[in-house]
Amino acid sequence: LLLHSWIQVAGSTALAVRLPSLLFSTATVLVTYAIGHTLFDRPTARLAAVFAAVDPTAIMFAQEARPYALTGLMDGLALLALSGYGRTAVSHRRRWLWLTLFVLAVIGAFLAHYTSLLFIASLFAVIGLGLLIERPFRVKEMLIWAGVGLVVVLGVAKPFMVAMSLSDSANISWIKPLTPAAVRVFFMDLLTHPAIPYNALSVSACVALLLLVTATLVPFRFN
């Protein structure tokens, strides 16, 4: 829908239909810098932004008229919102603004591409783990995030049901049922697909980033 609306304004030339992906990818670099600055410091933020700017997969997605660049941007905004909510000494009102951004970002990520469910589930797993191990146990904070999770579920439920109703559609009939074997094949293809020679490096970097973010977010306190 977003691309369709854009085409009505900018036209359907190759440059026009690919320009949104370029803009989304550029914005993702800035969001990466903001995440690094929020969680660590400016040198770390600059280094993270450089890695985001030169990542081969991100560069490829920036040149395609597909939703992957937008998905990356929404995922980044969700992580930024979570970082800002948990790491920054902000006012009560501003914390609710971070939560609002988080909800909008994760719903937007799912609407951009269903694979964001993996990232969204990882974020909620980190949040839940952090709250469970925190002492004293914060009931109010747990209820807040349970409410956030409910809003997210309600936000993605309708699109998910529509997608499932189209299971016989040629658009998604190629998607295999979710089984352990299918998951294993997916990641093996991701690591070895010849179209993206740096996939192994990209996946390793993503895993390392997830571990780093988990190690950073779990200890902090939800003040």
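Student: Which residues make the nonpolar surface patch of about 580 Å²?
Tutor: In this predicted model, that patch is formed by Leu129, Leu132, Ile133, Phe137, Val139 and Leu143, where a patch takes residues with over 30% relative accessible area and no salt bridge, nonpolar side chains (Val, Leu, Ile, Met, Phe, Trp, Tyr) being joined within 5 Å, and accessible areas come from the Shrake-Rupley method with a 1.4 Å probe, only the protein chains shown counting as cover for residues.
Student: Which elements give two or more residues to it?
Tutor: Helix 7 and helix 8 do, and helix 7 gives the most, with 3 residues; helices here are DSSP runs (H or I, at least four residues), numbered from the N terminus.
Student: And where is Phe137?
Tutor: Phe137 sits in the loop between helix 7 and helix 8, and it counts as partly exposed because its relative accessibility is 40% (buried is under 20%, exposed over 50%, partly exposed in between, with a 1.4 Å probe and protein chains only).
Student: New topic: how many salt bridges does a search of the whole structure find?
Tutor: The search finds 1, a salt bridge being a side-chain nitrogen of Lys or Arg within 4 Å of a carboxyl oxygen of Asp or Glu; the side chains involved are those of Arg95 and Glu141, at 4.0 Å, N to O. Arg95 lies in helix 6 and Glu141 in helix 8, so the pair ties together parts 46 residues apart in sequence.
Student: Is Glu141 buried or exposed?
Tutor: Glu141 is buried, with a relative accessible area of 8%, and Arg95 counts as buried at 10% relative accessibility.

Key
Residues are numbered from 1 along each chain as its sequence is written. This is a predicted model: local features need pLDDT of at least 70, side-chain atom pairs count only at pLDDT 80 or more; totals for chains, interfaces and linings use all residues. Side-chain values use heavy atoms; hydrogens and water are left out. Patches are made of residues with over 30% relative accessible area and no salt bridge: like charges are joined within 9 Å, nonpolar side chains (Val, Leu, Ile, Met, Phe, Trp, Tyr) within 5 Å.
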